[in-house]
Amino acid sequence: MRILGIETSCDETAVAIVEDGHQVLSNVISSQMAKHAQFGGVIPELAAREHLIAIDHVVEQALKDANCTLDDINAVAATQTPGLLPALLVGLSYGKGLAASRQLPFIGINHFLAHIYGAFIEQPNQLKPECYPAIALIVSGGHTAIIKINRDGSCELVGQTLDDAAGEAFDKAAKILNLPYPGGPVIDSLAKEGDPKTIQFPRALCGAGGTPLKPENRYNFSFSGVKTSLLYAVKGYENLGNLDMEVNFEDTELCNIAASYQESIVDVLVKKTLWAAKDYNANQIVMCGGVACNSRLRSKMQVAAEEFEVPLVIAPPKYCTDNAAMIAGLAWSYLKNDDVQDWSADAVPRLGLLKRIPFVKNA
Ligand code: KG4
Ligand code: ZN
């Protein structure tokens, strides 16, 4: 079964063709980042207009890369929720229109769930029932959450951010440091040249300094405080990055600040995920979403999972940030069960409560 998947929930126009959920025949991404960079964040209406301009071309390219035509496509899927409403509407309407015109089934996809699926595209064996219960850390620009996935595919929200998402914390820090958008990748690169021990940024909701942690916040996150600490830490520091100039990787002070800031976010993400994995006797840890590209997070989570002797599945970087392979791949789980939608499927900007992971093997 070949599914054409469309992703337009934020600032990437992405189309992929995936066979039977795991064989990625094409995965095309047209990024609008440069357009939004001048504003330091994504402008929803601009994103929608750019999706409209790009989508036909991106679909054509995805078909070409997969060496097929629309006649070879068995179903169409598109991101339905969550995301920026004007942006979601473009891909969803396009997908429904394409499916209707070709009389194909249509599947609306939950982007958050698709990020989790991204970890399994190349690792279908990790979907076996014995890999569960699993603890999944989903870290992106819009979300930071820990989910417990049970053997039967049911799932529970274990913890989430009370304010900013981890990706947002990187992006806002970049703004403070006069670095380009999105902040995650550039801070990751600068941090490689810096010393993470230079500044001790706070580790929020971790019960540090002998303070007992409120049980209800054991798995929750808060990243707005660390951003404020950064603001104070850089006060008086004149030689920050400059948006109009190339990032200066030889600026030791900037590299040290980036490394220290990144470390405070990574520490908390690793610590809380491991707490959850231990407390819930997880047989597997899963990590996905844009921030899961972070090199320090990947290596620290790997070390922690090895210490705890629990297998770790991290989405490959190409399936961490927004892409349509995860959309088309996840859609297969629904198509197999004839769980498709009619034309009334509408875009929903806010995420509904996750109840079930449809791709766990005996779910
Ligand atoms: O999953 P994603 O592409 O979009 C959302 O669904 O939000 O995630 C984008 C986020 C941005 O905040 C970006 O700064 C962050 O992922 N990100 C990173 C890295 N690469 C992307 N954060 C830290 N380190 C990275 N290497
Ligand atoms: Zn995403």
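**The five-stranded sheet**

Start by selecting the open sheet of five strands, whose order is β3-β2-β1-β4-β5 with mixed pairing. From one strand to the next the twist averages 20°, with axes taken as lines fitted to C-alpha atoms (for helices over the stretch in contact) and angles running from 0 to 180 degrees between N-to-C directions.

This is a predicted model, in which local features need pLDDT of at least 70 and side-chain atom pairs count only at pLDDT 80 or more, while totals for chains, interfaces and linings use all residues. Residues are numbered from 1 along each chain as its sequence is written, chains are lettered from A and ligands numbered from 1 in the order in which they are written, and side-chain values use heavy atoms, with hydrogens and water left out.

Next, select β4 (residues 75-81) together with β5: the two pair in the parallel sense over five bridges. Within this pair, T79 has I109 of β5 as its bridge partner. Then show helix α11 (residues 325-336), which lies across β1, β2 (12-19), β3, β4 and β5 and runs at about 130° to β1.

The loop between β4 and α3 holds P82. Select it with T81: the peptide bond joining T81 and P82 is cis, with omega about -20°.

**The zinc site**

Move to ligand 2, a zinc ion coordinated by H111 (NE2), H115 (NE2) and D322 (OD) at 2.0 to 2.1 Å. Donors are N, O and S atoms within 2.8 Å of the metal (3.2 Å for Na, K and Ca), and sites may look incomplete because water is not among the atoms. The angles among the four donor atoms of this zinc ion are 94 to 134°, and the site is tetrahedral. Four donors count as tetrahedral if all angles lie between 85 and 135 degrees.

Along the sequence, the donor residues are spaced H-x3-H-x206-D. H111 and H115 lie about one helical turn apart because they are four residues apart in helix α4 (residues 111-118). Both H111 and H115 are buried, where buried means under 20% relative accessible area, exposed over 50% and partly exposed in between (1.4 Å probe, protein chains only).

**The nonpolar cores**

Select I109 again and list what surrounds it. Not counting residues up to four places away in sequence, I109 touches A77, A78, T79, Q80, T81, A114, I327, L330, A331 and Y334.

I109 is also among the residues that touch the most other members of the largest nonpolar core, which has 95 residues; the others are I116, F120, I149, L269, L297 and F359. Such a core is a set of buried Ala, Val, Leu, Ile, Met, Phe, Trp, Tyr and Cys residues joined through side-chain atoms within 4.5 Å. Its largest share, 14 residues, comes from helix α8 (residues 252-279). Another core, of 24 residues, lies apart from it and includes V58, A66, A78 and A99.

Now select β7 (residues 144-149). Six of its six residues are buried, so β7 is largely enclosed by the rest of the structure. T144, I146 and K148 point one way, and A145, I147 and I149 point the other.

On one partner, β6 (residues 134-139), the pairing with β7 is antiparallel over six bridges, with A136 opposite I147. Four residues separate β6 and β7 in their hairpin. The pairing of β7 with β8 (residues 155-160) is antiparallel over five bridges, and I146 stands opposite G159 in β8. In the hairpin of β7 and β8, with five residues between the strands, select G153: its phi is positive, near 90°.

**Loops around α6**

Finish with the loop between α5 (166-176) and α6 (183-192), where P182 is found. A cis peptide bond joins Y181 and P182, with omega about -5°. N178 is in the loop between α5 and α6 too; its phi is near 60°, a positive value in a residue other than glycine. N178 counts as partly exposed, at 34% relative accessibility.

The last stop is L205, in the loop between α6 and α7 (224-233). Phi of L205 is positive, near 55°, and the residue is partly exposed with a relative accessible area of 23%.

Methods:
Tetrahedral: all angles 85-135°; square planar, octahedral: opposite > 155°, others 65-115°. Pairing = 2+ DSSP bridges. Contact = heavy atoms within 4.5 Å.
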